[in-house]
Every structure is written in C-alpha cells, then in structure tokens.
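Please examine the structure below. The discussion that follows takes the form of questions and answers.

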Amino acid sequence: MALAIAAMVIIPSGASAAFSVSNFNYSSSSLQASGHPDTTISFNRNGSESEDLKDIQLDLPTGVFANPEAATTKCSASQFNADNCPAASNVGSVSVKVKALSLLDLTIPGSVDVLTADNGQVATLGLSLRPAKICIVIFCAQPNKIFLKTGITINTFDDSNLRTYTPGSPKSAVIGIPLLFVTPTITGDITINSLSLSFQSRGGSPTQSCTWWGSCTTKPPTGPYFFRQAGACVPTTSTVKLISYQNASSTATSTYTPTGCGSVPSTSTGFTFQPAVKKYNTPSATTYTLTIPEADATIQHALPKIVDNDFPMGSGINLDALSGVVSCTETQLRAKACPAGSKIGTASAASKYLPAGLKGDVYATGSVGNQVPIAVLLRGQAQGANDQTYVIFRGTLGVRGSVEGGDGHAYARFDKIPQLPFSAFTLNLTAPVYVNPKTCGTATTTATITQFSGQTITKTNPYTNTDCPAAPETTITQQPASTTVDPTADFAYSSSIAGSTFTCTLKLQGSADPAVPFGCNGDNWTPTGTTGSFSSESLPNGTYDFSVYATNQTVADATPATASFTLNLTSVFTMTPSISPSTVDAATHPDFNASVAFDGGQPAAVAIRMPMGFNASLATAEQCSNADALGGTCQAGSIIGTASLTANVGAGTENSTSGTIYLTEGPEADDAGGVALKIESPSGTFVAQAGAYLVNNGNNQYLDIRSFPNKLSGPGGSQVDFTIKNLSLDFNGASGLLTTPSKCGVDQFQTSGKSYDNQTAAVSSVDLTTVGCAAILGNFTPNLTQTFSSTQAATESNVSAFIDGIGDNTGTIKNMTVLEPAAFGANYAAFGVADDMCPGGSITGSNSTFDPSSCPASAIIGTMVLYTPLLVDPIVGTVYLVNQLPLPWFGVAIDQPGIHVRLTGFTDLVKVNPSCVEQNPDGTSGFCQKQISVKFNNLPDVPLQAVDFSLTGEPRPNNANTKLLTSNVLKVSDPNTSNCPKAPNDTSAAKATVDSYTGAVANLEQLITFTGC
C-alpha cells in the first residue's frame, strides 16, 4: 500500500487544456431590481498544474454594490491573520477546489469577512480557507490554513461598477501527508482548479439554535444589508479575468437581467438649487444638491440616471465668468490632469458605501460657449492620496429657449450619471456662471429625473429673487387736445426714475393692424434724465389711442400711461390727390404721375409719403446744386420728369403751364436728396424745391415740397399773385428712377399739406396694389461669401459675411440669417463685460428699434455696408454689441443725411440638424450639435445689390479703458472635440438663409476647411 501511494505521488497527471476560465456563473437568489439577494459567483480554472492561478479580477455587474458598512465590526489585520475575525465582520463563504502535490483533490471551505480597508481600496475582503483533516485509514493530518485578500475599487470612467482584485493566489502550501505510521509534513505545490464565492444579503454570521433534545436550526444573518442588486431592468454583465504565474490570461462573462423595476420606490428623490447671491440680474456662485434615501429597505430607492434641470425663467449664463475658461480634454480627464483654467467649481458625494465620501472638481470639457459640456471628477477620501476611487459625472450647462420669443433660461443636464448608490450629490459652481432672472419674486427650478428603474419624476425647488430695480411710474406731460385739427400728434412724458427708457404704441381705433411697440425716447433723452418725447407723422382723420411706459433697467412700468385723441380736420383748405404709376408689377420701374387739386387756399407745403418699398433713386441722374435749383438754372443731366400746374393768376385769370423736374442735392441738412420744379409762364417763373428722406426706419420715402411761392416773378421784377389749383408731377421711370415694392398687396400713398393761411389739409390716402410677385420668385438668387481670419483649431477668428448677386427685378431682402460653421464657438473674451456692451434695454425685442444713445464706444465691433442702386455711394452703418442672452445681439446704426435706419441682429444657437432631439424617448441623451446664427429680420423694402456684415475691426479699449478687447468674436473648437472637423472630411458649412419680400427663399452654403483638428 505504501508503494502504491508513493507511486501516486511521483506519477504526473495527464495532459490538460491550455490556461483558461470556464463555467463562470453569477447567480442571485432574487432578480428584484434594487433588492438584496444572496449571490454566488463561481468559475473553473483550466490548464496544466504548472499554470498556477495567480490573480483574479472580478468586475461585478453595473449597479451591483456591496456595502462594507454592513459589517458593523470590521476584522483587523491581526485578527484576520490569526483566523479570529469577529462574527459581525462575516459577509459570506468561499469554497475552493485544489490539486495538492499532483496527488490530492481537496475541497477547502472558508469564510469571507470585511477587513479594515487597505490603501487605495473602497473596501477589503478577507478569504479564510480552512482545509479539513486528511485521513488515510486511521491516520490523519491537518493542512495549514490559507488567507487571501481581495481589494474592492470602483471602475471609474464609463458606467461605474465595483471591481475586486485578488492578487497572488498561493502556488504552494504546507500539507500534512499521512503515510502508514509516519505523518510527514511537507511544503508542496497546490493548484486552484475552481472557486465559489457566496455573499449573504446581510452582514454578520448565521446563528444556530438547538433544543435540549438536540434539534438545531440555522438562522440567516440579521445585520445590515450587504449586497444590492442592480436597479435597471436591462441585461447586465459581470466579468472575471484570470491571470497565471506565466502571465497567461483568460476572460469570461455572465449576463442576467434584473426584474421588477415597477416596484422600485421612486418619489423620494429631492434636490435643491440655491444661488449664493439671490439678487436680480446678478451673477452668482451656486450650490446644487441631489438627495436620495439610503436607509435599509427591502427594495432600495431608485437611483437617478438622467437629471435635467431647467433653472428659473429669465436666468442666464454669465459671459464674464466663462471668459478665459479653457476645456479639459477626455485624455486629460482620464489622466486626472485637467488644466487649472478648466475648473469652474467643486463637488462632493456622500454614500454609506463610501464612508468618507467623494470630493472633487467641476471642469469644462468642451468648447466653452453658450452650451458648456462639463465633467465632475470625484476622488475617494478614505485612503489618502493613493486612493484609486474615481467617479465621473458628465453633463452640459447652457441656455435653452427661444431668444426671439424671450423665454430663454439656463439649464444643467446630467445625462451620464454612474449607477453609484449615493445619498447626496452636491455641486458648487464657484465661478459666478449663473445669472439670476431679471424679475423679482419666486424663481423656480424644475428637475426632471429619469431613474435607472425607468420611471421619470418631476421636482421643483424655489428661491426668492430680490433687489430688483424699482418699477417706474410713467406720466404723460404733453398730449394733443381731445379733438384736434393738427395731423401731427406731439407727446411728452416723464418717468419717476432717472435714466428710464420709454416704449410707445399709437393705434387708430378700429384698425385691424396690431399696435406695434416702438422705442420713443426722443431726441433730447439723456441717460440721467427723466423725460422723453414723440412726434408722429401726419395722420389721417380718426380716433387714436396712445400709450407709453418707462423701463428702469429691465423693470417696466406695469401700468402704461395712456391718452386718446380725435383728429378732425375741418379746414377749408383741402387737397385731393390722384396718384398712378404706369405699372403695379413688383420690382419694376414705372413712370409715375402724382396730381393734387387744391381748394380753399394757396398751398405753402405739400408732402407725399410713398408706400413701403416704393423707392426713388438718387443715382440715376446728375444732382443739381441747391444754388442752381433756387436760381432755376439746373443742368439738363439732372432732368427726371415734367411738371404742370393750373393757377389763378392776378385778378383771377386761370392759367395752365408746364415745366421741368430736376434731381437736386438735399435742400436741408437732413435731406438725402431733393427735387426742384421749374415752370415758366407768361406771368413769371415758378420755382419750388422739395427734400427727400426716409421715415419709418427706412421703410417709406417722403417727398416734402416746402417752398411753394405765392407770387410769381414777372417781367421787370414785378410780383404777381397766384393761387395754385392743380399741380401735376410726371416722373420718367426709363432710367430706373422709381422702383415698385417687392411686397405684393395693398399699401397707400399719403398726402398732406398746409396753406399760407396755416390751415392743414386732411391726410388723404391713395391705394397701391402691387402684383406679380410669383412671376419673379425665381429671379432671387443671392450668393454668400464668408471670410475668416483663422480656421486653425483652438484659435480666435474674426468674420465677414458678404451677400451679393441680387440684381434688378429680383425682389428685396426681407430677412437675412447667417449661420457660422459648427466648428466655431463664441469667443467670449471679445465681448468684454456687461459695461463694455450696449445695455439690454437698447433693444427690448427682436422686432424693436435699436437705440444706440446709451452705448459705450467699446461696444462698437464692426460695420455693415449696404450697396443699393438708389445711391451713388454705399450706406455704412456702425455695428454695436448689445448685452443680451444667450449671446450678445448686434445693433446697427445707419446715420447719414435723410437716412436714419436701425437694424437688429439677434443671435442664437441653433441645431445643425433641426430634427435632433435633446432627450431621446428612452431618457438617454440626444446631444445636438449647434451653430451660431445671426438674424436680421427688420430690413426695409429697399433694393440692395449686396450686404457686407464685417466684424473685423482693430482691438478696441474696454469701457474702463484698462485693456484692449479683440474683435475676433469666434473661436475654432479645440482639437479632438466633436465640433472640430477632421481630415479627410475637414470641412464645415457656413450657411445663410435669405428671403425676399416677394416670398422667395434662398438657402446658401459655403464649405470652410479647418486645420489642426
């Protein structure tokens, strides 16, 4: 028998398969999501006995967590080494099958205890293997115990889960071998062939109770819950990786699906959002906290997967706080090496699974602009500087809502939250990125929380916004009489607070047209004054309602001051117009006749307001000088038509005669140009001069004949009285002097005038119905050329957008939207701070009139040049930055004689793909790529051959005159970001949408090539 046993010791075992893992199994006693199952994990090692198992790496399924605090008393290192762990530290059992000395197949049971954690670990488990006695016949020996440690860390960068790592499994052990009467003790090889871990749902050792007659029962542990099931009812996978002493490795997976998500509690999640400063329109640091119950329950509370926070309406992002902020790349984030300039806050998380919690920082991780991708990098605290516990939350901070509609607000969306059981997550934006709303009172944040269990809940949290500017009180100090014969209505008004701006409406009762608000500060308004004024154009008879309200910074008088008056022109002086162009087809060049019959007096002045878009050119003929016009000596090259009049001359003889119409310089300083009439008659020479200028923000042209004579200069210097009965003006359209509107439909010519007796004729209207827009839709084919100073990744750039190709008989531009390539973000350093821009009140809405009177010089950022066939030289306007959200708007002021136009360019961030959704139906992130847009939607109906919008100025001093601000308003995305186009597809499109008053729409595109991505 001894020989047989000796033979067994020295005879090698048969050949086996290569080193690998098989029969890996992860099983739970219950699949209830967020429940507390007993769990067993087992596997087999395959291979020769020489391929000893060294390291075991086990990744638990995502969402499965073991609570080391379930061990109410942890086992110390000395207790573990002495196999004397307290019962309260026990959390499971272990069973290992080994081959010893190529001879003995041993199954070794043991226990699993929670040890005092080693450095760098969330928790440390101890596996105590206690082999049974080995007996042959009647001889027994006791092999030594085996002690293993397995460290638990958190797998960090994707969807966090627990990872256990058991290094250095023994390849030899002290084993007693009973041989007949001698029991030698030797140290020999052992090979682990399989391992099974069984974790209890609760901490502590099972207890046994026995009756006096010897019947015993085992009761399960009653300590705190130890194992927690994943909370999402989707397939989840565990992975085991075995490594041999020969560095061979093998991996296996086991997948299962939790169930019962509908039973997971979901209503107790809470959050708070509180700015450090709760003051109107003021930037502030903020604190955001998300809380989740974590007390032991049969089914734990659901964990948040996506948290989408809509901050109070009217809140915004502080451009100043983002100035100079850089982005942390994914590589830098994973290396825990984000640059200091990317940090915008701090954060922490508390969890009973991590007794000392997690602390870390908040970083900007993308192109810093209106939508800022952020990451929260949390680090473990318990094990000091060497702690390898890292957890990352990812999200986006930005502004939502329609800028044009005025319902924008800040938001923070965390759409990559690890399934880590935490009781509180706190985020502190130490940079004052958040801007409080511009209104006082309750400001409410709404959080939409999508949980891993699939349920969605909505929570709200308010705070009180204070210290709003006082609401002004508006008073009308001058107004027309309740019934008046003056067609020009004059108003004056005041505010109770100095520096207020004013907004007015004037509406004819019974009119179907809405009352459109307009800025009405008046020419004498000052930033420190309290008064404003408004004078209307000549109005037709009717009853009018006028309103005006003052705005102090952003707070408006909620009760506008109002006045009503009735215009009833009963003067005996009357004017009866007859006006007819030779064609009413859109965008054509008609001959034009305007005749006016007078009765009840000699006209001293006559004004004709053209319909919107009915334009006269100052470039189709030579301009006669004012001196020659008054002297009646204009050159032949300035002739643009003929005139005739019928008048009572002298004692009453009616006389008809005709003459010439000349194009002239503007007779007064604020006229764009002029017209002179010269008519020779037997009784003398008639000379009158008119000024031409734009009104209604460039939409209408006026011809104002201001100098009708009431005497003719006869032979020998004699003065002959005469009274005009009829005046007829015939303009020749052959040279393109006149252009009909591009907008089809009905509008009116309006005439008004006064007599030498200072009587005012009622305003008269003559309809003009423009047709034929459909026939020229296809003629509208503009081109776009954008020029950038740099297209290199991570550099600043200025921009010029040039739109041309707009010819005659094509229609005029109504709206113009320019979209920058998605590779460009906003360069906030170019905007400066709020004081460097025009105040937001200088443009109260995308359809309001821009008021540059309160703009600092530092707000000037570029020029807009309009090329029009109506003028010899192009029109040059100054472009200002206006402090609006989410990006500064542009205000354009054009001021030259007779041409005063204010344009608004409102900016936005629009989706590159309009059908993209921010949140998918399943609650996952649907991040939408966006691009900067600038839209001008209030261009007058004036023929434009080209538009050059250029933000390419030299550096300008800021308002405090302490530094220079760049005019490079764009910044190319950083390399390796999704917005930065990479070769070979290294282009991104600059786009524009230009539509005409005819209804034609042109979608333009220009490919821009970027480098360095």
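**Local geometry, cavities and aromatic pairs**

Student: Is Asn696 buried, partly exposed or exposed, and at what relative accessibility?
Tutor: This is a predicted model, so the values are computed from its atoms. Buried requires under 20% and exposed over 50%, with partly exposed in between. Asn696 therefore counts as partly exposed, at a relative accessibility of 42%.

Student: What is the phi of Asn696?
Tutor: Most residues other than glycine have a negative phi. Asn696, in the loop between β47 and β48, is not a glycine, yet its phi is positive. The value is about 55°.

Student: Where is Ala587 found, and is it buried or exposed?
Tutor: Ala587 also has a positive phi, of about 55°, although it is not a glycine. It is found in the loop between β40 (574-581) and β41 (592-599). Since buried means under 20% relative accessible area, Ala587 is buried, with a value of 6%.

Student: Which residues does the cis peptide bond with an omega of about 5° join?
Tutor: Most peptide bonds are trans. The cis bond joins Ala983 and Pro984.

Student: Which residues is Ser453 in contact with, leaving aside its neighbours within four places in sequence?
Tutor: Ser453 lies in the loop between β29 (441-451) and β30 (456-465). It is buried, with a relative accessible area of 10%. Its side chain makes a polar contact of 2.3 Å with that of Gln455. Leaving aside neighbours within four places in sequence, its contacts are Gly231, Cys261, Val264 and Ala302.

Student: How far apart in space are Ser102 and Val21, C-alpha to C-alpha?
Tutor: Ser102 is found in the loop between β5 (90-100) and β6 (104-115), and is partly exposed with a relative accessible area of 31%. In sequence, Ser102 and Val21 are 81 residues apart. Their C-alpha to C-alpha distance is 20 Å.

Student: How much space lies in the largest cavity?
Tutor: Rolling a probe the size of a water molecule over the atoms shows where empty space is left. The count comes to 12 cavities of 30 Å³ or more. The largest cavity holds about 450 Å³.

Student: How many residues apart in sequence are the parts that the pair of Phe393 and Phe425 ties together?
Tutor: The structure holds 38 aromatic pairs. Phe393 and Phe425 form a stacked one, at 4.4 Å centre to centre and 10° between the planes. Phe393 lies in strand β26 (residues 390-400) and Phe425 in strand β28 (residues 424-435), so the pair ties together parts whose separation in sequence is 32 residues.

Student: What is the angle between the planes of Phe802 and Tyr867?
Tutor: Phe802 counts as partly exposed at 26% relative accessibility, and Tyr867 as partly exposed at 30%. Their rings lie 6.4 Å apart, centre to centre. The pair is edge-to-face, with an angle between the planes of 75°.

Definitions and conventions. Residues numbered from 1 in each chain as written. Predicted model: local features only at pLDDT ≥ 70, side-chain atom pairs only at ≥ 80, totals over all residues. Heavy atoms only, no water. Helix = DSSP H or I, 4+ residues; strand = E, 2+ residues; numbered from the N terminus. Buried < 20%, exposed > 50% of the residue type's maximum accessible area, 1.4 Å probe, protein only. Polar contact = N/O pair within 3.5 Å; in protein donor to acceptor, adjacent residues only side chain to side chain. Contact = heavy atoms within 4.5 Å. 1 Å grid on protein atoms, 1.4 Å probe; cavity = no way out; pocket = protein on both sides within 12 Å on 5 of 7 lines; lining within 4 Å. Points joined across faces, edges and corners; volume = space filled by probe spheres on them. Phe/Tyr/Trp six-rings, centres within 6.5 Å; stacked < 30°, edge-to-face > 60°.
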